[in-house]
Amino acid sequence: MNIIFLLAPFSVALGLLAVAAFLWTLKKGQYDDFEGAAARILIEDEDTPD
Amino acid sequence: MAVTHDLGPAGDMRAFVKPDVRGHGRVDFLVRGARCAGCISKIEKAVSALPGVTAARLNLSTGRLTVELDTAGGDARHVVVALDTLGYPATPFDPAAARVRADVEGRRLILCLAVAGFGAMNAMMFSVPIWAGLFGQELGPATRVLMMWMSAIVGAPCAVFAGMPFFESAWRSLRGGHANMDVPISVGVILTLVISFSETILRGRDAYFDAAVSLLFLLLVGRWLDHLLRGRARSAAADLLALQSPTAARLDAEGAEALVPLSEIRPGDQLRVRPGDRIPVDGVIEAGLAELDNSLLTGETTPVIIPQGGNCRAGALNLSGVLVLRAVAGSEDSALAAVARLVEAGAQSRSRYVRLADRAAAIYVPVVHAAALLTFCVGWMVGLGPREALIRAVAVLIVTCPCALGLAVPAVQIAATSRLFRRGILVKSGAALERLAEVDHVVLDKTGVLTEGRPELLDASPAIVARAALLARASRHPLAQAIARAAGEGPMAEDVVENPGQGVEGVIEGRTARLGRAGFVDAPESSGSESELWFGFVDGPKVRLRFADALRSDARATVDGLKARGLGVEILSGDLAGAVSVAADAAGVATWRAGLTPADKAAAIAALSGSHKVLMVGDGLNDAAALAGAHAGIAPGTALEASQNAADMVLTAPGLATILEAIDVARSARRRALENFGFAALYNLIAAPAAMLGLINPFVAALAMSGSSLVVTLNALRVGGRR
């Protein structure tokens with residue numbers, strides 16, 4: 001049962017990590033251009049030889 | 001009529017370049033026509049390869065291209081030229097219109113939303129064992145209290161932080177002497193936290209920390225949707241306005257030209273206005289013969305000729321040659337300002353509109369608080385003891401939480417406006433959508449709304465049109481352009497010379513031909529009409545070409561559609577009675593008035609508003625006051641800035657038929673919102689008595705709350721109009 005004193009704070013810390021990650025993606029502008037992000041995956045990258 | 005920037009050799013775009021922190025320059029362009037991955041790579045590759053450009057990035061969702069220049073003083077003119085050759089018309093942003101406003105409120109909401117989401121999930125994690133205990137699972141009192149404390153440690157700080165926007169708003173409204181929706185929310189959350197702490201300390205049974213945070217989370221989702229809606233419409237509106245020349249070509253002492261923002265023009269400045277551009281500020285003509293189209297200012301379709309030394313008003317379209325004018329007013333003091341005052345007066349009457357959600361809150365707030373108070377008093381009287389009575393009162397506040405109510409309207413409106421946005425209708429606010437749904441009478445402007453707002457060639461033999469077009473393609477005069485449009489793409493005559501205000505001369509098949517005014521072409525007769533041109537070889541017979549402002553192809557269908565929806569239709573125009581009567585007949589409108597001034601129009605709208613909820617559709621400056629004064633206003637995307645600002649909705653797609661779609665979607669959105677209110681009321685009618693009787697525990701509260709929000713959101717997605 002004592003393990004809960006370790007696991008509970010650990011899970012809360014994981015949650016905080018997720019919040020921080022979300023705020024980071026927000027700040028990096030990852031939600032600014034959904035259509036562009038969907039389209040850019042289709043662009044051929046000419047720099048890499050194939 | 002979006003004004004394009006004429007990038008003549010003296011054109012200068014330095015006004016648009018903003019220096020960034022590293023000493024580089026940055027320019028934003030609005031690019032039209034980019035739709036796919038191919039467009040992105042084509043545009044970015046071409047622009048990045050230009051000299052002086054370090055980087056280019058296109059945002060496909062907004063159509064904005066951000067270009068980084070290697071020096072702050074760099075010239076971005078060749079970017080526009082390069083984009084133009086690729087087939088994507090681009091316009092630089094006015095630095096003022098494109099100024100990136102730090103979205104402080106949005107950032108705060110998203111931060112609160114993230115914290116509330118974290119708090120709700122993590123507090124609930126500790127609540128699950130407590131809920132299990134409620135259903136007879138093995139959970140000792142010591143473990144339960146431990147879980148309650150953990151839930152408190154995670155949930156309470158999150159609730160306080162995420163609740164701040166609500167607490168502040170509630171406090172502001174209480175100090176103002178009235179109660180908005182945030183008051184019951186704040187009271188509910190604070191009471192819940194207090195009672196949960198006291199129960200935890202007293203080793204009681206019910207702690208609602210997770211409920212308090214998830215309540216805030218759901219409410220913040222509603223707030224965020226509402227904010228998104230307003231922000232998106234605002235930035236799209238700014239894009240539209242940025243397309244309308246916010247600059248003017250100012251001449252310095254040596255006669256060199258520089259593009260400057262309108263706000264920098266001072267009285268006494270010399271300005272050059274090219275044909276096809278609008279007069280930027282009120283001024284006096286110093287050089288050139290001015291033939292001005294006032295149709296957006298007054299609704300008159302016939303151009304007026306102003307001699308040198310004459311006055312011209314801001315907003316008029318220059319039809320003839322290059323003009324030089326001396327500004328007599330800055331942009332704030334121009335004739336536009338008088339209209340702006342009328343608009344302000346109209347907008348005030350509109351701001352008295354009470355939104356659906358606020359009307360619901362006005363009923364909801366006293367009822368819920370009375371119910372909670374009643375629960376406490378009656379519970380205490382029948383011998384429950386103050387502690388149990390208080391817990392029940394708090395349970396009433398929690399289960400009747402207005403989160404379904406808070407989501408009901410924003411969720412519907414964001415679904416409706418996204419739908420309309422894709423169909424080319426820009427809705428500026430949720431309230432606009434609500435007002436549009438209530439409309440029962442439609443007032444249409446003629447010029448630019450029912451009609452194209454530009455002259456079209458009337459019946460003429462194709463052979464003559466094809467020949468006249470050889471000359472007409474060289475001119476930017478609207479009548480000449482109408483000929484060019486009628487003839488389609490083709491070659492130009494040789495040795496073409498344009499005489500401003502007179503006509504075009506050129507050599508066709510070795511013979512000299514002229515296209516222009518009767519006097520210029522040597523026509524046998526002249527009616528003096530402004531809506532005709534003559535064409536002929538110098539040594540041959542002359543032909544008259546007649547023009548009229550043509551009705552939009554979907555005008556009739558739109559009017560019929562409006563009538564079919566039970567709406568009254570009427571035309572208010574500033575044009576002459578003859579022209580209005582013809583257009584009214586063609587469109588099938590029986591009621592019309594002509595020759596109205598802007599003030600007349602506003603007064604007519606005010607008179608109609610007594611018995612009707614009026615929708616005004618107009619594009620001209622003379623409609624701006626009427627647009628602002630009407631219950632709802634729609635402006636076409638070709639309208640002047642002042643009208644677009646005064647309107648609730650802007651049509652970005654060509655054609656009128658989208659108005660019908662807007663009305664259908666608005667009405668559907670209203671039905672969905674009312675259904676949502678009905679559902680929320682039904683839910684509260686069941687949940688509140690259950691809470692009063694003590695049947696609600698934290699588990700049931702959490703389930704009921706998220707369940708009702710889910711139902712409301714799903715119902716919102718059903719918004720639709722006729723396809």
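Helix axes are lines fitted to C-alpha atoms over the stretch in contact, and the angle between two of them runs from 0 to 180 degrees between N-to-C directions. In this predicted model, the axes of helix α23 (residues 658–692) of chain B and helix α24 (residues 698–716) of chain B come within 9 Å and cross at roughly 160°. Because angles over 145 degrees count as roughly antiparallel, α23(B) and α24(B) are described as roughly antiparallel to each other. Their crossing is right-handed. On the side of α23(B), the residues that meet α24(B) are Arg672(B), Glu675(B), Asn676(B), Phe679(B), Ala680(B), Tyr683(B) and Ala687(B). Their counterparts in α24(B) include Ala704(B), Ser708(B), Val711(B) and Val712(B). By class, this contact of α23(B) with α24(B) comprises eight nonpolar, three polar and two charged residues.

The largest nonpolar core contains 148 residues, of which Val213(B), Leu216(B), Val399(B) and Ala408(B) touch the most other members. Helix α23(B) gives the most to this core, contributing 15 residues. Beyond its neighbours within four places in sequence, Leu216(B) is in contact with Ala116(B), Ala159(B), Ala162(B), Gly163(B) and Val189(B). A second, separate core of 23 residues includes Ala39(A) together with Val31(B), Ile40(B) and Leu60(B).

The contact between the chains involves 18 residues from chain A and 17 residues from chain B. On the side of chain A that touches chain B, α1 (4–27) and α2 (34–40) each supply at least two residues. The largest share of that side, nine residues, comes from α1(A). The residues of chain A that touch chain B divide into 11 nonpolar, three polar and four charged.

Definitions and conventions: Residues numbered from 1 in each chain as written. Chains lettered and ligands numbered in written order. Predicted model: local features only at pLDDT ≥ 70, side-chain atom pairs only at ≥ 80, totals over all residues. Core = buried A, V, L, I, M, F, W, Y, C linked by C-beta atoms within 7 Å. Buried ≥ 20, exposed ≤ 12 C-beta atoms within 10 Å, placed from the backbone. Helix = DSSP H or I, 4+ residues; strand = E, 2+ residues; numbered from the N terminus. Contact = placed C-beta atoms within 7 Å. Nonpolar A, V, L, I, M, F, W, Y, C, P; charged D, E, K, R; others polar. Parallel < 35°, antiparallel > 145°, perpendicular 65-115°, else oblique. Left-handed = near helix turned anticlockwise from the far one by under 90°.
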